[in-house]
Amino acid sequence: MDIDGGAGAAEESARQVQVRFVTKLKPPYRAPPASISIPANLTRFGLSALVNNLLQSANADWKQEPFDFLIDDELVRMSLEEFLLAKGISAEKVLEIEYIKAVAPRKQEEPSLHDDWVSAVDGSDDGYILTGCYDGLGRIWTAAGVCSHILDGHSGPVTSVCVLKPKASESVVDRIVATASKDRTLRLWKFGAEESKDQPNKIRAFKILRGHTAAVQSIAAEPSGDMVCSGSWDCSINLWNGNESDTESGLVSVKKRKKDGEDEEPQSEGEALSTLVGHTQCVSSVTWPERGTVFSASWDHSIRRWDVETGKDSLSIFCGKVINCLDIGGESSALIAAGGSDPVLRIWDPRKPGTLSPIFQFSSHNSWISSCKWHHKSWFHLVSASYDGKVMLWDLRTAWPLAVLDTHKDKCDKWWRGFEALHFFWNIDTVINGIERVVYALRVVINICHIPKHLTNGHLNLYKKQWLCDLLAFTMCNALQKVLIAIFLLENEVQFEEIFKGEGMFWLLKTDDSSDQHTGIVIGVIILETMKYRS
C-alpha cells in the first residue's frame, strides 16, 4: 500500500522507503501492522500526521495527538533520509519505526512573584509548591500566584527547601517541610490544609536544627521522611532526625514564646545525629534516593556516594569541574545526573565496572548548569536549568532537548557576561593606568550587572552582599574578577567579618589561574588590613 502523506509535490518526487509502525501503547493507539511506502524526507511532524491519519481511518472518533518516533531506540530528530544516512541504516529493507506519545511542556501559568531572588523550589507534592527566597522567607503556593503560608524565622537567605513525606499513619492534613539558610540552620515547619484566605498565614518553625559552622547550601529528605541531610560551606554533610516527637535523640531544648498574650506552640532545637566528612570544599548539592544511601556533590569537583550506617563514601567520581547540582534517577533509579561550571549536563552509570566516564553529555545550554531533576516515573526524561535563563527538557534517546522554556528575563549569567567584558578593559594596550582601568571595569560591572536597582541609600542590600561574597568564594573566578568584586564590596563598606563568619577567609585566596595566586593573596591582605583598620 502506498500512502502519499499529503506533503505536496516535493515529497511526491522524494525517494520512498518501506516502513512498519509499531508501538507499545494500548488500543486505540495501535496502527495497522502492515508495511507502507512513505517519502524518505518526512520529519517527525510528517510522521506524526501520518500515524494520526492511520489511527483516524480505523477510528472515526480519533482526536489528533502528537507523537515521537524511535528507530533502534533512538529518537528521530531529522528527516528519515538524514537519520538513515547518519546511522548507516539500509533503506532497502522494511524499516521498523516505534511511535510514542510526545512529551510536551505545560503551558505557563500565572507567575508566583517573590520579593527577592528565588533560590529553591520543590514541587514533589501534588497539593502545593514550596519555594525559598533570598528575602529569608519560605512560601507555600497552592495554585499559580496563590501563596497560602509564609515560613518566617530565618535570619539569612533561604538556600534550599524540601518536602518531608508524611508516614502512612500520620494525618495527611498536617504537612511537614524543611528549609535551609545562610544563617547556618535548618528549620522544620508544619502546616495544615486550611481554607484559603485573603492573606497568607505566617507560621514559625516547630524545630530548629543547629550544627553547621557555615551556610547550609543544600538539603534533602530521606524517602520515608524520618530524616534530613544537609550539605554546607563547612564541607560537611549532617544527618538530622526529621520527626516531630520531642523524645527523639538529638533534642537539646524546647522554647515557648508568647504572641498577643497567648502561648504559641513549643519550638525545639535539635543536633545532628551524625556527620559525613570527606569533601574539601563547599557541599553544593545532596540527595537521598534510598534509605541507606546519600549522594553529594561539591565544589571540589567530586560526586560521592555515602553509606549512612558506616559514614563512609563507597564511590567517588571526579569530573574536573565545580559541581552545582545532582540528582539520581533514570534506569532502575541508578543513574547520576549532574551539572556545574560549564554548559554540559552529564550522566553517569555507577553500575558499569571499570569506568567513571559519563555515559551521556548534553551541551545545548550556553552557561553554567544550576539545577537538574529526573522525572520520577520515566527512565528517559530529565530537566536542567541554567544561568542562561533556560529550562531544558531532555530525553536520553536524543542529543537535542525535547523542549526549551525561555521565559525568565532576569538572568544570573549577566554577572559572568560582565566579567568577560572586564577582561577587555584589563588587557587593552593603551595609556590608561591601573586605577582608571579599575574604574572603567567597575562601571562595566555596574552597567551590565544592573547593580543600581539593588542599591539602598548608596549601600548594597545585605543579601546581595552575601551573594557577592559567594562569588569571591568560587575557585573558578580568576584573580582579576576577585579583585574587582573585593574593591566593589569594600567601596560599599561591606563588613567582611560579619558576612563570612565561619565560611573562611581562605576562600578568597583561591583562583582558577595558578599564575595569579599572588593576586588572591593580595585580596586577602587588603581585606584583612581593612578589617583591622575599621576595628
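This is a predicted model: local features need pLDDT of at least 70, side-chain atom pairs count only at pLDDT 80 or more; totals for chains, interfaces and linings use all residues.
A residue counts as buried when its relative accessible area is under 20%. Asp327 belongs to strand 27 (residues 323–329) and Lys373 to strand 31 (residues 369–374), so the bridge ties together parts 46 residues apart in sequence.

The count of salt bridges comes to 15. One of them joins Arg44 to Asp68, at 3.2 Å between the closest N and O atoms. Arg44 lies in helix 2 and Asp68 in strand 3, so this pair links parts 24 residues apart in sequence. Asp68 is buried at 3% relative accessible area. Arg44 is partly exposed at 22% relative accessibility. Through shared partners, Arg44, Asp68 and Arg77 form one salt-bridge network. Asp349 and Arg351 also meet in a salt bridge, at 2.9 Å from N to O. Here Asp349 is buried, with a relative accessible area of 11%, whereas Arg351 is partly exposed at 41%.

The largest nonpolar core holds 26 residues, among which Phe21, Ile38 and Phe69 touch the most other members. At least two residues each come from strand 1 (16–22), strand 2 (36–39), helix 2 (44–58), strand 3 (67–71), helix 3 (80–87) and strand 5 (95–101). Helix 2 supplies the largest share, five residues. Beyond its neighbours within four places in sequence, Phe21 contacts residues including Leu47, Leu50, Val51, Leu54, Phe69 and Ile97. A second, separate core has 14 residues, including Ile176, Ala178, Phe206 and Ala221.

Strand 2 also contains Ser37. Ser37 is buried at 5% relative accessibility. Its side chain makes a polar contact of 3.2 Å with that of Gln16.

Aromatic pairs number 11. The ring centres of Trp233 and Trp299 are 5.0 Å apart and the planes meet at 70°, so this pair is edge-to-face. Trp233 sits in the loop between strand 16 (227–232) and strand 17 (236–241), and Trp299 in the loop between strand 24 (293–298) and strand 25 (302–307), so the pair ties together parts 66 residues apart in sequence. Trp233 is buried at 3% relative accessibility. Trp299 is buried at 5%. Elsewhere, the charged end of Arg397 sits over the ring of Phe380, 3.8 Å from the ring centre.

Definitions and conventions. Residues are numbered from 1 along each chain as its sequence is written. Side-chain values use heavy atoms; hydrogens and water are left out. Rings of Phe, Tyr and Trp (its six-membered ring) pair if their centres lie within 6.5 Å; planes under 30 degrees apart count as stacked, over 60 as edge-to-face and the rest as tilted. Helices (H or I, at least four residues) and strands (E, at least two) are DSSP runs, numbered from the N terminus. Buried means under 20% relative accessible area, exposed over 50%, partly exposed in between (1.4 Å probe, protein chains only). A charge sits over a ring if NZ of Lys or CZ of Arg is within 6 Å of the ring centre and within 35 degrees of the ring normal. A nonpolar core is a set of buried Ala, Val, Leu, Ile, Met, Phe, Trp, Tyr and Cys residues joined through side-chain atoms within 4.5 Å. Contact means heavy atoms within 4.5 Å. A polar contact is a pair of N or O atoms within 3.5 Å; within protein, one must be able to donate a hydrogen and the other to accept it, and residues adjacent in sequence count only if both atoms are side-chain atoms. A salt bridge is a side-chain nitrogen of Lys or Arg within 4 Å of a carboxyl oxygen of Asp or Glu.
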